[in-house]
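Here is a walk through one protein fold, taken a piece at a time. Have the picture open while you read.

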Amino acid sequence: KEQYTGKRDYKVSSFNRRPDENRFGFVDLFKDNPNVLCTLGKPDEYDMDFYMEHFPKLTPMLPIEYDLNLDLAEPNRVSILTYELQQVSYVQVVNESLFHTDKNHMFINEKTLKPIACLQPFIISGMPGSLKHLHELGFKTFGEWWDESYDLEMDHAIRLNKIAEIVQQLSQFHHENLINMLEDMHEVLEFNRQHLISMPKKHSIEFYNQLSKLSILGISFSA
């Protein structure tokens, strides 16, 4: 399916269901920015005091929903790939499930694969080295258009601040500038999607299992 090339409803989006400190931190920064679409589920009761203490303005606003019910007691439908949802903004911030530093482990799941599959540029708020890992897997990222040095920052707070600076800048761009940016990126975006489709089974079982969850227009990424 082709990339939508018109004006989009939002400039940046970030879709989050299960709360954690990383996602709370990002959504808290942009909860009042009309150009940034954020979703976030409501914490469990046993976590509520912690989040109320650290995020007193954001926590009472939850859940922040867009297309899906984010009730943690309901079945998780967030992992289902919806092409139209990935086109609601020009850029997506992926708040990955893990964001700590671990030199012996790297975690990337379907949250990162969905924008790749849908020709959408992304910023990963996850473990340090996430972009580096994607490069090792053969993907291209977007250092030509914004500063990706955040990926190698080991301090989580500093890393989040660097990501926030990029998002703030993007949110201030005119829609025409962002449309032109996507046009400039098209070769990279299409390369990444085709690379994802052709990913061989030689990669890790965990990564391959994430690919097998995705399907667009009858194309199985596990084929």
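V12 stands opposite V91 in strand 3; strands here are DSSP runs of E with at least two residues, helices are runs of H or I with at least four, and both are numbered from the N terminus. Strand 1 and strand 3 pair in the parallel sense, over 3 bridges, and pairing takes at least two bridges found by DSSP. This is a predicted model, in which local features need pLDDT of at least 70 and side-chain atom pairs count only at pLDDT 80 or more, while totals for chains, interfaces and linings use all residues. Residues are numbered from 1 along each chain as its sequence is written, and side-chain values use heavy atoms, leaving out hydrogens and water.

On to strand 1 and its other partner. Strand 1 covers residues 10-14 and also pairs with strand 2, again in the parallel sense and over 3 bridges. There, S13 sits opposite L37. Because 4 of the 5 residues of strand 1 are buried, it is largely enclosed by the rest of the structure; buried means under 20% relative accessible area, exposed over 50%, and partly exposed in between, with a 1.4 Å probe and protein chains only. To get from strand 1 to strand 2, the chain goes through helix 1 (residues 21-30), and this β-α-β crossover is right-handed. Right-handed means that, with the strands pointing away from the viewer, the path from the first strand over the helix to the second runs clockwise.

How many strands form the open sheet, and in what order? There are 4, in the order 2-1-3-4, and the pairing is parallel. Strand 2 (36-38) and strand 4 (122-125) are the edge strands, each pairing on one side only. From one strand to the next, the twist averages 20°.

Contact means heavy atoms within 4.5 Å; axes are lines fitted to C-alpha atoms, for helices over the stretch in contact, and angles run from 0 to 180 degrees between N-to-C directions.

| Helix | Residues | Strands touched | Angle between directions |
|---|---|---|---|
| Helix 6 | 156-172 | strand 1, strand 2, strand 3 (89-95) and strand 4 | about 155° with strand 4 |
| Helix 7 | 175-197 | strand 1 and strand 3 | about 75° with strand 3 |

Is H175 buried or exposed? H175 is buried, with a relative accessible area of 17%. Apart from its neighbours within four places in sequence, H175 is in contact with K7, R8, K11 and Y90.

F139 lies in the loop between helix 5 (130-136) and helix 6. At 3% relative accessibility, F139 is buried too. Although F139 and H195 are 56 residues apart along the chain, their C-alpha atoms are separated by 7.1 Å.

As for the whole protein, there are 8 helices and 6 strands. Buried residues make up 52% of its 223 residues. Of the contacts between residues at least 6 apart in sequence, 71% join residues at least 24 apart. The protein exposes about 11,000 Å², and carbon and sulfur atoms supply 51% of that; accessible areas come from the Shrake-Rupley method with a 1.4 Å probe, and for residues only the protein chains shown count as cover.
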